[in-house]
Amino acid sequence: MAWRCRRALFMGRFQPFHLGHYNALKWIVERESEVVLAIGSAQYSHSLRNPFTVGERLEMVYAVLREEGLLDRVLVTVVPDTDGQHSLWVKLVVSFSPCFDVVYTNDPLSRMLFEEEGFKVESIPFYEREKYEGTRIRRLMAEGGDWAQYVPPAVAEVIRRIHGEQRVRSLFYLEAGGKN
Ligand SMILES: Nc1ncnc2c1ncn2[C@@H]1O[C@H](COP(=O)(O)OP(=O)(O)OP(=O)(O)O)[C@@H](O)[C@H]1O
Ligand SMILES: NC(=O)c1ccc[n+]([C@@H]2O[C@H](COP(=O)(O)O)[C@@H](O)[C@H]2O)c1
């Protein structure tokens with residue numbers, strides 16, 4: 001592969017940024033000179049799948065990068081979804097992102113779309129996936145469980161400041177049709 005900029009892309013929704021994402025990021029940073037962390041589904045918020053705004057997710061990511069001294073190795077961008085127009089999405093990612101050569105993702109659709117556009121795609125080893133999964137952590141928030149142990153402390157601080165747990169609980173109630 002001809003390198004253009006020696007940078008890797010790490011894509012995700014990060015709803016919220018949890019310890020699985022943190023371990024994945026550290027693993028990628030060890031293998032690559034620079035990483036572009038791209039926050040996807042940027043236009044979405046206030047749903048159970050995407051409760052946090054892209055601005056709130058940026059706060060979570062920067063809190064971790066600052067705390068871990070990673071600001072000189074990781075660039076951050078945000079990318080909206082193209083909602084079904086999959087053939088346009090990689091072009092949008094490219095235009096919203098600093099240059100990158102290789103993509104790290106476990107999402108099969110993202111892999112297919114990036115490979116079709118000629119990008120090298122790598123899988124990420126899962127870190128204790130039974131614990132560190134966004135869907136599970138959001139459910140714990142909705143049920144008043146101990147979600148904070150599954151995110152970096154700096155992220156827990158952001159979520160508490162924005163009353164994220166209360167929001168997820170309300171969304172759970174709304175999306176269940178006000179029945180639970
Ligand atoms: N525990 C984990 N270890 C390593 N990589 C992970 C882990 N959890 C998620 N990832 C990877 O991080 C990327 C971004 O994931 P994403 O933001 O969708 O989080 P998620 O935990 O899979 O959330 P959700 O359950 O909301 O879909 C994906 O490639 C995903 O496979
Ligand atoms: N057409 C599209 O908008 C399109 C296609 C594939 C992936 N994506 C996005 O890429 C990200 C993939 O990350 P996950 O690993 O979090 O699923 C998500 O934000 C997802 O919505 C968008």
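This is a predicted model: local features need pLDDT of at least 70, side-chain atom pairs count only at pLDDT 80 or more; totals for chains, interfaces and linings use all residues.
Let me start at the ligand: an oxygen atom of ligand 2 has a backbone N or O atom of T82 lying 2.7 Å from it, and by polar contact I mean a pair of N or O atoms within 3.5 Å, where within protein one must be able to donate a hydrogen and the other to accept it, and residues adjacent in sequence count only if both atoms are side-chain atoms. The protein covers 84% of the 480 Å² of accessible area that ligand 2 has on its own, with areas taken from the Shrake-Rupley method with a 1.4 Å probe and, for residues, only the protein chains shown counting as cover.

Residues are numbered from 1 along each chain as its sequence is written, chains are lettered from A and ligands numbered from 1 in the order in which they are written, and side-chain values use heavy atoms, with hydrogens and water left out.

Which residues come nearest to ligand 2? Of the 13 residues around it, they are R13, S41, D81, T82 and H86, where being near requires that one of a residue's heavy atoms lies within 4 Å of the molecule or strand in question. For R13, a backbone N or O atom lies 3.1 Å from an oxygen atom of the ligand, whereas for S41 an N or O atom in the side chain is 2.8 Å from a ligand oxygen.

Now to the charged pairs. If we call a salt bridge a side-chain nitrogen of Lys or Arg within 4 Å of a carboxyl oxygen of Asp or Glu, the count comes to nine salt bridges. One of them joins the side chains of R7 and E34, at 2.7 Å from N to O. R7 lies in strand β1 (residues 7–12) and E34 in strand β2 (residues 34–39), so this pair ties together parts that are 27 residues apart in sequence; helices (H or I, at least four residues) and strands (E, at least two) are DSSP runs, numbered from the N terminus. R7 is buried, at a relative accessible area of 16%, and E34 is partly exposed, at 24%, given that buried means under 20% relative accessible area, exposed over 50%, and partly exposed in between (1.4 Å probe, protein chains only).

A second pair is E117 with K91, whose closest N and O atoms are 3.5 Å apart. Because E117 sits in the loop between α4 (108–116) and β5 (120–122) and K91 in helix α3 (residues 86–96), the bridge ties together parts that are 26 residues apart in sequence. E117 is partly exposed, with 40% relative accessibility.

Staying with helix α4, S110 has its place there and is buried, at 7% relative accessibility. Leaving aside residues up to four places away in sequence, S110 touches W89 and T105, a contact being heavy atoms within 4.5 Å.

I will finish with helix α6 (residues 153–161), where P153 is found. Is P153 buried or exposed? At 62% relative accessibility, P153 counts as exposed, whereas A154, V155, A156, V158 and I159 in α6 are buried. The cover over those buried residues includes α2 (54–67), α5 (134–143) and α7 (164–175). Just after α6, H163 takes a positive phi of about 55°.
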